[in-house]
Amino acid sequence: MKKVLPILVAGALVLTLGLSGCGTGGGNKGGSANPAVWDVNEQPRDKIKDGGVFRGAFGTEITSWNIHSVRGNPNELRMMQSPLSELWYLEDGGGNHTMNTNFLDSVVADMVDGQLVVTMKISDQAQWNDGTPIGFEDWDATVKALNGENEKFAAASTEGWDQIDSVTQGETAKDVILTFKAAYPDWVVVVMAGPLHRDSCVDPATFNDGWNEYNMDWYAGPFIVTDFAASPTTITMERNPNWWGDPGKLDTIIWKYVSPNQWGTAFANGELDYIDVGTNTDVYDQADKTKDTVIRKSAGPNYRHITFNSLSPVLSDQLVRQAIVMGINRDEITASDLAGLPVSPQALRKNSNLFIQGQEGYKDWADITGIKYDPRGAKAKLEEAGYEMGEDGYFVKGGEVLAVSFAVLRGVRVSENEGQMIQDQLREIGIRIDLQNVNTATDFPGIVDQHNFDMIAFSWMGSSFPLMGIGQLFGEGSEFNHAQLTTPLLEELRPLIDTNPDPIARLKQGQEVDQALWENVHTLPLYQRPTITAVRAGLANFGSFGLAQIPYTWTNVGYVK
């Protein structure tokens, strides 16, 4: 029996210790009011000049050009390489996906006997830079490299790829059939990046180390690297003469390695046309005062949060975790963390573990459940848990003061700030917070992996697929479930969410799990991380990308006429 599946918007998560990204709302030099939409000065192609140079920076040195590998996966490197290989499904700032007709003539997703079958007809024009047609052999080799069956391939993630049962060829090598083990609602995320060149992943050695140097043959996109210089690393890209789609509007794209603490100065001096401001107020002030500059703001799927170690003695009590949530004023923390930046704490509220504001499925579980900032209610929770107020102003049970440690990442401004504020706020409701200093150079992320904490704050970086692989972060036994908390409803519904082809029913199941996570206090989102970028005035189709995180297409990036 066949059933046609819709395209769904759905993400792997990456742990980061600090903040880099930008803000939501208006602003003195640009901005988007909707936190789920990008701020890129969106312009049609015919309004863009032919020619021009774009200069950007990256702060992570290249050790591998393979974005599917562990070494090549940092977000900065993915951005830097995006002009070289277009996505097969283009993504906008709201997380909507459109089939890229430069690569695909058609895609059909059917359910056949309980399995999802995705049939792709690849464009006859689609070819690698070496002239090799893109087809079945590339997809076959890519799935074998990324599905996790051969652990010698150092893949950054096997999510989605490990759900593919087989790859077969249709009538021609341009007809590729991916058969999944069951229904897989987030199949678009697998198809979206396209395959690797068959020669680039022929074996683990090539996949892991063959990408140490740039190889033009292994790409297919509107630009190619024409010059590579070291000390500092500078990469020059120009239009690809073998690209069959619309040519890039820009003549040249230049990426230069610059230490992130020098980005503001380099931008102010006219050396760069774009920087990711992050939460650095000094960089923001430099950029904001620079002539012919536009500050662009949006909010992506990334967020800052507190993880609770549910196996630590005190935090094993759900009532205590709930009381802590109710004793923390997250609006105050957001305003303090992001002071000096053009953002609104209210616009960045994230009262959901799975969704962000403006995204279908988002509900404010803090209001719905009542587990929100409420100092009086927090004290009542602690009394319900059997604690009594002691003479020193702290709750006591069995002669022991209610004390919880908060791990502070030394040298990370927002972590230090959060530790101090949470210590002060929870003192007011009778909980003693002991600050645990962590050496970020030697102890992070090891402290998280080894569960050597009671509470710790850091950031998760996600994607526009909120229900994809939710067991990775919240599932029992997952190495990324740093809270070590089992949520029974999630365990019950996770297999259904992973395979439910009905988007309405699946969304409802996701919301049920989301509520359970909030009530059980697996983690506490502090705020959605803003994205603030500075760009040269007149630059179009580039800036703060919302859920997309990279340009929709580099062929339309340029300067307005």
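Predicted model: local features only at pLDDT ≥ 70, side-chain atom pairs only at ≥ 80, totals over all residues.
Helix α2 spans residues 136-146. The helix is mostly covered, with nine of its eleven residues buried. The buried set consists of F136, D138, W139, D140, A141, T142, V143, A145 and L146. Several elements contribute to the cover over these residues. Among them are the strands β7 (115-122), β8 and β9 (175-180). The helices α3 (188-192) and α4 (204-209) also take part. After α2 comes G148, which has a positive phi, near 85°.

The loop between α2 and β8 (164-169) holds T158. T158 is partly exposed, because its relative accessible area is 27%, a value that falls between the 20% limit for buried and the 50% limit for exposed. With neighbours within four places in sequence set aside, T158 is in contact with L146, N147 and G148. L146 is itself one of the buried residues of α2, and G148 is the residue with positive phi that follows the helix.

Helix α10 covers residues 375-384, and its buried residues are G377, A378 and L382. These residues lie on the same side of α10, because they cover an arc of only 145° around the axis. The other side of the helix carries the exposed residues R376, E383 and E384. The cover over the buried residues includes α7 (318-327) and β16 (395-397). G386 follows α10 and has a positive phi, near 95°.

The packing of α7 against α10 was examined next. The two axes are 8 Å apart and form an angle of about 165°. Angles over 145 degrees count as roughly antiparallel, so α7 and α10 are roughly antiparallel to each other. Their crossing is left-handed. On the α7 side, the contact is made by L319, V320, Q322, A323, M326 and G327. On the α10 side, P375, G377, A378, K381, L382 and E384 take part. By class, the contact residues divide into seven nonpolar, three polar and two charged.

N353 lies in the loop between α8 (330-337) and α9 (365-369). N353 counts as buried because its relative accessible area is 3%, under the 20% limit. Beyond residues up to four places away in sequence, N353 touches Y303, F474, D514, L517, W518, T523 and P525. V513 is 160 residues from N353 along the chain, yet their C-alpha atoms are separated by 9.4 Å.

S478 is found in the loop between α14 (470-474) and α15 (488-499). S478 is buried, since its relative accessible area is 19%, and the limit is 20%. Residues up to four places away in sequence not being counted, S478 touches G471, Q472 and L473.

Definitions and conventions
Residues numbered from 1 in each chain as written. Heavy atoms only, no water. Buried < 20%, exposed > 50% of the residue type's maximum accessible area, 1.4 Å probe, protein only. Helix = DSSP H or I, 4+ residues; strand = E, 2+ residues; numbered from the N terminus. Arc of directions from axis to C-beta. Contact = heavy atoms within 4.5 Å. Axes fitted to C-alpha atoms, helices over the stretch in contact; angles between N-to-C directions. Parallel < 35°, antiparallel > 145°, perpendicular 65-115°, else oblique. Left-handed = near helix turned anticlockwise from the far one by under 90°. Nonpolar A, V, L, I, M, F, W, Y, C, P; charged D, E, K, R; others polar.
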